[in-house]
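User: I am new to this structure and would like to learn how to read it feature by feature. Could you take me through it slowly, giving the general idea before each case?

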Amino acid sequence: MLAALSGPAAAAGRVALVMAAEEYAAAQPSGIGVKRAAAIAEALERLDFDVVMAANPTNATARARLREFSDAVGEADLAIVVLAGHGITWSGQTFFLPANTDIGRPTDLLSRALSLGSITQITGRAKAGGVFFFVSQPRFRAPVAGLDPRPTITGEAPAGTVVALSTASSVPVSQIDTASAQAADAALAVLAGSDPTLKDLLGALEDGGRALVVGTAADMPLRRPADPPPQPVAVAPVVPETVARGASEDASADRLALEEAEEAIALERQRADEARLAAEKAQADVLKAQAEAAKAQADAEKAQADARKAQADAQRALAEAERTKAEAEAEVAVATPDDTTGTVSAEPMDERDLGRRQRQLIQEKLRDMSLYTGPIDSIMGPLTREAIMGFQKGRGAAVTGYLTPDQYDALLATGE
């Protein structure tokens with residue numbers, strides 16, 4: 001074993017990932033802007049952070065920068081991620097959209113966007129960390145069903161890590177872009193101050209209750225502490241460079257494989273959920289169709305019953321009419337003398353010779369005899385005919401509904 005002087009431990013490092021997308025291929029530009037993100041990156045560099053910066057990254061570039069940041073996180077005591085750009089939520093997960101994101105269905109997000117949950121897990125490998133997402137709302141050229149315009153955070157953050165979205169549920173969707181831009185400016189002001197802490201940075205986002213936060217921010221200074229004096233340390237046995245490099249590459253490959261496996265598992269889980277939802281919807285559609293068919297059958301049976309009833313009513317009405325006609329004919333036959341007697345029944349008078357007042361007198365006389373209940377309108381309608389028939393029946397005359405001259409004189413003479 002050899003002893004030597006060593007500088008500050010690697011665990012004293014500060015690493016940051018700043019990723020901003022403004023110009024989108026399939027959506028309107030983000031109102032947060034790359035300039036704000038670049039200013040935040042410069043402020044972090046002045047605080048001695050090793051910054052990985054990506055401006056308007058494609059999906060491939062964004063994932064490459066995330067892997068680069070992931071390789072550095074395990075050696076740091078403080079890791080910060082700043083995301084600025086469009087965000088969308090699906091199935092409880094919020095995603096950061098790279099500049100070339102174009103989706104036709106929600107599951108495309110798993111391979112064409114970065115999950116906030118995955119970024120949080122990577123950041124949580126540091127001693128302390130924070131993920132800050134300044135979210136703007138995308139408006140895709142073709143709407144995609146199943147997406148939630150309001151970002152959210154599900155689950156718990158790793159120990160020592162805080163996750164903050166620049167907008168809370170109390171902020172209207174139409175105001176999310178404005179609130180996020182204001183939150184980004186507030187964060188930049190904190191970073192430009194003297195000796196800011198991680199807690200101060202979170203406080204800038206939480207001002208006014210506009211942020212959605214999971215976890216607790218450590219009260220840790222963002223500026224790298226002064227280097228301690230050199231201390232003698234034990235030097236481990238020399239490991240050949242090729243061996244060390246191979247071990248590092250294997251570890252990176254393992255992490256990448258793990259992340260890809262986690263994404264594959266998440267994708268399969270989402271596909272299973274979609275299949276289950278589709279099956280449930282199909283079953284509900286079948287039940288709905290059965291209910292509609294049953295209702296249609298019931299309506300048809302009711303219509304048939306109504307038709308049978310209407311037919312029966314019509315038959316009864318026809319029978320009643322025929323019966324009334326037969327009775328009237330029988331009464332006429334009784335009241336009309338037989339031709340063999342040499343007497344001819346009186347002919348009805350020609351009502352066209354009657355004036356309006358004469359027809360009204362007929363109605364009034366019939367009304368006085370409680371035979372007519374209609375209006376005194378001089379119209380010789382069904383009610384008047386029926387009243388005349390009652391008058392004729394009372395006199396034992398032929399029941400025709402039409403007055404003979406003698407009957408007319410007798411009717412007008414009543415009550416005098």
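User: To begin with the overall layout, how many helices and strands does the secondary structure of the protein come to?

Analyst: Please keep in mind that this is a predicted model. Its secondary structure comes to ten helices and ten strands. Of the 416 residues of the protein, 37% count as buried, and among the contacts with a separation of 6 or more, 71% are between residues 24 or more positions apart.

User: What is the volume of the largest pocket, and which residues are the closest to its centre?

Analyst: The general idea is that rolling a probe the size of a water molecule over the atoms shows where empty space is left. In this model the largest pocket has a volume of about 890 Å³, and of the 37 residues that line this pocket, Ser115, Gly117, Ser118, Ile119 and Gln121 are the closest to its centre.

User: Turning to aromatic rings, how many aromatic pairs does the structure hold, and what is the arrangement of the rings?

Analyst: A pair is read from the distance between ring centres and the angle between ring planes, with planes over 60 degrees apart counting as edge-to-face. The structure holds one aromatic pair. The rings of phenylalanine 96 and phenylalanine 133 have centres 5.9 Å apart and planes at 65°, so this pair is edge-to-face. Because phenylalanine 96 lies in strand β5 and phenylalanine 133 in strand β7 (residues 128–136), the pair ties together parts that are 37 residues apart in sequence. Phenylalanine 96 counts as buried at 1% relative accessibility, and phenylalanine 133 is buried with a relative accessible area of 1%.

User: Is alanine 113 buried or exposed, and which residues does alanine 113 touch?

Analyst: Burial is judged by relative accessible area, and a residue under 20% is called buried. Alanine 113, placed in the loop between α3 (109–112) and β6, has a relative accessible area of 3%, so it is buried. Not counting residues up to four places away in sequence, alanine 113 touches Asn59, Arg63, Phe95, Phe96, Leu97 and Pro98. Alanine 113 and asparagine 59 are 54 residues apart in sequence, with their C-alpha atoms 6.6 Å apart in space.

User: Which side chain does the side chain of serine 180 join through a polar contact, and where is serine 180 found?

Analyst: A polar contact is read from a pair of N or O atoms within 3.5 Å. Serine 180 is found in helix α5 (residues 176–191), and a polar contact of 2.6 Å joins its side chain to that of serine 166. Serine 180 counts as buried at 0% relative accessibility, and leaving aside neighbours within four places in sequence, it is in contact with Ile32, Phe134, Val135 and Ser166.

User: Where is glutamate 351 found, and what does glutamate 351 touch?

Analyst: Glutamate 351 is found in the loop between α7 and α8 (356–368), and at 16% relative accessibility it counts as buried. Beyond residues up to four places away in sequence, glutamate 351 touches Arg359, Met380, Arg385 and Tyr402, and a polar contact of 2.7 Å joins the side chains of glutamate 351 and arginine 385.

Terms used:
Residues numbered from 1 in each chain as written. Predicted model: local features only at pLDDT ≥ 70, side-chain atom pairs only at ≥ 80, totals over all residues. Heavy atoms only, no water. 1 Å grid on protein atoms, 1.4 Å probe; cavity = no way out; pocket = protein on both sides within 12 Å on 5 of 7 lines; lining within 4 Å. Points joined across faces, edges and corners; volume = space filled by probe spheres on them. Phe/Tyr/Trp six-rings, centres within 6.5 Å; stacked < 30°, edge-to-face > 60°. Helix = DSSP H or I, 4+ residues; strand = E, 2+ residues; numbered from the N terminus. Buried < 20%, exposed > 50% of the residue type's maximum accessible area, 1.4 Å probe, protein only. Polar contact = N/O pair within 3.5 Å; in protein donor to acceptor, adjacent residues only side chain to side chain. Contact = heavy atoms within 4.5 Å.
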